[in-house]
Amino acid sequence: TALPLAEVMGGGSPYPPERRANAFGAELLLPQWEAKAIYAKKRGEPRALEKALGLMKMRFKVGQILAAAQLKNAPHNGVTPSEQAQLESMVQGTYMA
């Protein structure tokens, strides 16, 4: 069931399709498996999360929030509970370094 262009452009599009479109775009820009692989290479190093996110941003030309969201949402990402909390904070825009 397609929406008329006027509804989409006028903000009348339903929320779930927009969310799916955003997730699709994020996966195109930085696949979750890539985010997980980059983090896995840095795990165990001091400031592993910071270094991994920096590498994702540089390699894939994405912003901090997208990189954090892709790693946070990747299944079995291997991040520690405190790092998961940091990622959640970054994604919500409440992170303070």
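The model is predicted. Helix α3 (residues 32-42) takes part in both contacts described here, one with helix α5 (residues 64-73) and one with helix α4 (residues 48-60), while α5 also gives two or more residues to the lining of the largest pocket.

**α3 with α5**
- The axes of α3 and α5 come within 8 Å and cross at roughly 90 degrees, and the two helices are therefore roughly perpendicular to each other.
- On the α3 side the contact is made by Gln-32, Ala-35, Lys-36 and Tyr-39, and on the α5 side by Gln-70, Leu-71 and Asn-73.
- The residues of this contact divide into three nonpolar, three polar and one charged.

**α3 with α4**
- The axes of α3 and α4 lie 9 Å apart at an angle of about 135 degrees, and the pair is therefore oblique.
- The crossing in which α3 passes α4 is right-handed.
- From α3, Glu-34, Ala-35, Ile-38, Tyr-39 and Lys-42 meet residues of α4 that include Leu-49, Leu-55, Met-56 and Phe-60.
- By class, the contact of α3 with α4 has nine nonpolar and four charged residues, and no polar ones.

**The largest pocket**
- The largest pocket holds about 310 Å³ of space, and of the 11 residues that line it, Arg-19, Asn-22, Ala-23, Ala-26 and Asn-73 lie nearest its centre.
- Both α2 (15-29) and α5 give two or more residues to the lining, and the largest share, six residues, comes from α2.
- The lining divides into five nonpolar, four polar and two charged residues.

Key: Residues are numbered from 1 along each chain as its sequence is written. This is a predicted model: local features need pLDDT of at least 70, side-chain atom pairs count only at pLDDT 80 or more; totals for chains, interfaces and linings use all residues. Side-chain values use heavy atoms; hydrogens and water are left out. Axes are lines fitted to C-alpha atoms, for helices over the stretch in contact, and angles run from 0 to 180 degrees between N-to-C directions. Helices (H or I, at least four residues) and strands (E, at least two) are DSSP runs, numbered from the N terminus. Angles under 35 degrees count as roughly parallel, over 145 as roughly antiparallel, 65 to 115 as roughly perpendicular and the rest as oblique. Contact means heavy atoms within 4.5 Å. Ala, Val, Leu, Ile, Met, Phe, Trp, Tyr, Cys and Pro count as nonpolar, Asp, Glu, Lys and Arg as charged, and the others, Gly among them, as polar. A crossing is left-handed if the near helix is turned anticlockwise from the far one by less than a right angle, and right-handed if clockwise. On a 1 Å grid over the protein atoms alone, a cavity is a set of points where a 1.4 Å probe fits but cannot get out, and a pocket is an open set with protein on both sides within 12 Å along at least five of seven lines; lining residues have an atom within 4 Å of a point. Grid points are joined across faces, edges and corners, and a volume is the space filled by probe spheres set on the points.
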